[in-house]
Amino acid sequence: MTRAHIFNPGPAAMPLPVLKEVQQEFLDYKGTGMSIVEISHRSPEYQEMQTETEQDIKDLLKIPDGYHVLFMQGGGSMQFILHAQNFLIHRGAYINTGSWATKAEAAASFYGETYELASSKDDNFSYIPEIPASGTWVLKPDTDYVHITVNNTIHGTEWWQFPHFDVPLFADMSSDFLSRPVDVSNFDLIYAGIQKNVGPAGCVVVIIKDELLRRARTDIAPYLQYKTFVEKDSTYNTPPVFNIYFLGKVAKWLKNLGGLDAMYEINKEKAGLIYSVIDESDGFYKGHARPGSRSLMNITFNMATPELEADFAAEAAKQNLIGVKGHRSVGGCRVSTYNAVTMDDCKVLAKFMRDYQHAHASRS
Ligand SMILES: *Cc1c(COP(=O)(O)O)cnc(C)c1O
């Protein structure tokens with residue numbers, strides 16, 4: 001079997017050692033004679049696994065006391081709804097840095113007033129709005145929270161400095177969750193669909209501050225309340241058992257690697273390799289994101305024509321380099337260098353990009 005070099009945007013590459021471990025214990029979880037997907041979520045074996053996964057996430061992110069880690073379903077898209085349904089009383093402020101940020105505000109607007117605090121739409125979301133010199137943006141009165149999208153999967157930008165507000169800060173970290181250390185105490189609510197960086201599609205990790213929880217609405221159905229998931233330890237109903245189990249394996253893999261500091265160093269090196277090919281290409285590859293806003297997870301670029309981009313993707317696929325096409329909404333090219341994408345994968349891609357340029361630059 002030849003494994004592909006997977007640069008897919010999500011679902012995306014998973015660590016090979018984790019895939020192997022999952023495969024190896026799939027028929028018999030810890031001597032139970034049953035698969036993890038065949039045992040009760042109320043069983044001690046399951047409960048122990050979920051608690052350990054939760055603890056590993058707390059350890060990796062050094063989450064301070066006063067926060068809960070939850071496992072929920074419905075994807076990032078469901079969180080676009082739930083954060084507003086639970087916490088939008090007067091008005092919610094949104095920083096619009098791309099497609100997912102736009103969707104978050106659009107979904108929230110069903111539950112109350114929302115407004116755009118800042119946006120990078122004027123330059124096709126190629127940057128993260130600069131924090132004003134005063135230190136932060138001025139909010140409208142009675143703003144309940146500010147929502148940001150930390151890594152913009154489609155446009156390839158990422159926040160490298162976080163603003164502070166007098167109101168709670170909510171963050172969609174779906175596409176860079178556990179890719180680098182983050183000071184969780186900056187945030188009141190963090191959510192991350194796991195299928196970009198840390199697991200299979202079907203589970204969202206939510207990190208919520210207890211203080212925030214006290215403001216949550218309680219006049220909505222229990223399943224829609226974060227409170228329920230806190231009180232019932234994410235097992236109010238059947239949780240996405242396999243996803244949490246898989247995520248647990250990824251968390252252990254990260255710990256063995258040396259934690260998020262080590263992962264961050266590797267991610268910088270990997271993305272740096274691809275960005276340097278772009279920067280040294282004399283404009284053959286045109287990076288979309290401004291240098292100060294570049295994402296380490298999703299690298300976006302354009303070439304001279306859509307035809308050349310299509311040819312590039314087709315030629316890459318022949319070399320087993322998968323997933324280099326841009327999102328259907330923006331075109332161009334995008335390579336995703338999530339945690340599980342290896343340095344070797346990136347070296348193969350960088351060489352391919354250089355070779356492709358040499359073969360085509362003279363003709364264009
Ligand atoms: C993929 C993605 C989403 C949507 O996730 P779903 O699980 O498909 O609903 C939301 N936000 C960001 C930043 C994403 O990358």
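Predicted model: local features only at pLDDT ≥ 70, side-chain atom pairs only at ≥ 80, totals over all residues.
**View 1. Edge-to-face pairing of Trp137 and Trp159.** Among the 24 aromatic pairs that the structure holds, Trp137 and Trp159 are edge-to-face, with ring centres 6.4 Å apart and an angle of 75° between the planes. Trp137 belongs to the loop between β4 (113–119) and β5 (143–149), and Trp159 to the loop between β7 (157–158) and β8 (169–172); the pair therefore ties together parts of the chain that are 22 residues apart in sequence. Both tryptophans, Trp137 and Trp159, are buried.

**View 2. Stacking of Trp137 and Phe165.** The ring centres of Trp137 and Phe165 are separated by 6.4 Å, and because their planes meet at 15°, the pair is stacked. Trp137 and Phe165 are each buried.

**View 3. An aromatic cluster including Phe284 and Tyr356.** One cluster of aromatic residues is formed by Phe284, Tyr285, Phe301, Phe312, Phe352 and Tyr356.

**View 4. Arg180 over the face of Trp160.** Arg180 is positioned over the face of Trp160, and its distance from the ring centre is 4.3 Å.

**View 5. Arg290 over the ring of Tyr127.** Here the charged end of Arg290 sits over the ring of Tyr127, at 4.0 Å from the centre of that ring.

Definitions and conventions:
Residues numbered from 1 in each chain as written. Heavy atoms only, no water. Phe/Tyr/Trp six-rings, centres within 6.5 Å; stacked < 30°, edge-to-face > 60°. Helix = DSSP H or I, 4+ residues; strand = E, 2+ residues; numbered from the N terminus. Buried < 20%, exposed > 50% of the residue type's maximum accessible area, 1.4 Å probe, protein only. Lys NZ or Arg CZ within 6 Å of the ring centre and 35° of its normal.
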